[in-house]
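Welcome! Here is a short tour of one protein model, written for someone meeting it for the first time.

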Amino acid sequence: MAESETTEPSRVRPALVVVNGASPDAAQARGDKRGAAVSFSRPELNVIFNVYGAKVAQGEWRDYAIDFTPAKAVFSIFRRASEAPLYRIEKDPALSRRQGAYAVIAATGLVLRRGHDLARVVRVLDRALRLVGAE
């Protein structure tokens, strides 16, 4: 065996995987963000979890799911884990200059509120019941 050959496993970088005809390093070097997933920042998650935690304490909600895709981030709220989501809180940066990046969507697909400020948009889920007086 030559001195340059060893029996130890190679410590070099593993082979690159080519996807769609371009290497991941080449896309990163160009600053290409197509493959990057949209996600919620920590302050955004704090706003969402404040509302979610209050509703869990009241016994209304029990489970959640978070999905990150290249187009948008979705926080789904469930009454039970086996059901369809009651509400979806979506962050879609493509709509940030028009209607606002954030939306709360009901199970039926109805957009309850859309806007630029997440705290104001999520407030639609935290409405308290009001007593209506009969006269």
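The protein chain of this predicted model averages a pLDDT of 77, and 70% of the residues score at least 70; pLDDT is the predictor's confidence in each residue, from 0 to 100. Because the model is predicted, local features need pLDDT of at least 70 and side-chain atom pairs count only at pLDDT 80 or more, while totals for chains, interfaces and linings use all residues. Residues are numbered from 1 along each chain as its sequence is written, and side-chain values use heavy atoms, with hydrogens and water left out.

**Confidence**

- Over residues 14-31, pLDDT stays under 50, and the model has five contacts there beyond four places in sequence (contact means heavy atoms within 4.5 Å).
- Where pLDDT is low, the predicted coordinates should not be read in detail.

**Overall layout**

- The protein chain holds three helices and five strands; helices (H or I, at least four residues) and strands (E, at least two) are DSSP runs, numbered from the N terminus.
- Read from the N terminus on, the order of elements is α-α-β-β-β-β-β-α.
- Of the 135 residues, 24% count as buried, where buried means under 20% relative accessible area, exposed over 50%, and partly exposed in between (1.4 Å probe, protein chains only).
- Among contacts with a separation of 6 or more, 28% come from residues 24 or more positions apart.

**Helix 2**

- Helix 2 covers residues 42-57, which makes 16 residues, and reaches 22 Å from its first C-alpha to its last.
- That reach is close to the 22 Å expected at 1.5 Å a residue, the expected span being 1.5 Å times one less than the number of residues.
- Buried residues in helix 2 are E44, I48, V51, Y52 and K55.
- An α-helix has 3.6 residues a turn, so residues three or four places apart point the same way.
- The cover over the buried residues of helix 2 includes strand 1 (63-68), strand 2 (73-78), strand 3 (87-91), strand 4 (102-106) and helix 3 (118-122).
- Just after helix 2 comes G59, with a positive phi of about 85°.

- In strand 2, six of its six residues are buried.
- Both faces of strand 2 are covered, with A73, F75 and I77 on one side and V74, S76 and F78 on the other.
- Strand 1 pairs with strand 2 in the antiparallel sense over six bridges; two strands pair if DSSP finds at least two bridges between them.
- These two strands form a hairpin with four residues between them, and A65 stands opposite S76.
- Strand 2 is also joined to strand 3 by five bridges, again antiparallel, and here S76 stands opposite R88.

**The nonpolar core**

- The largest nonpolar core has 19 residues, and W61, F75, I77, I89 and L125 have the most contacts inside it.
- Such a core is a set of buried Ala, Val, Leu, Ile, Met, Phe, Trp, Tyr and Cys residues joined through side-chain atoms within 4.5 Å.
- Helix 2, strand 2, strand 4 and helix 3 each give two or more residues to this core.
- Beyond four places in sequence, I89 touches residues including F40, I48, F75, V104, L118 and L125.

**A37 in its loop**

- A37 sits in the loop between helix 1 (24-30) and helix 2.
- Why does A37 count as partly exposed? Because its relative accessibility is 44%.
- A37 and T69 are 32 residues apart in sequence, yet 4.9 Å apart in space, C-alpha to C-alpha.
- Apart from neighbours within four places in sequence, A37 is in contact with F68, T69 and P70.
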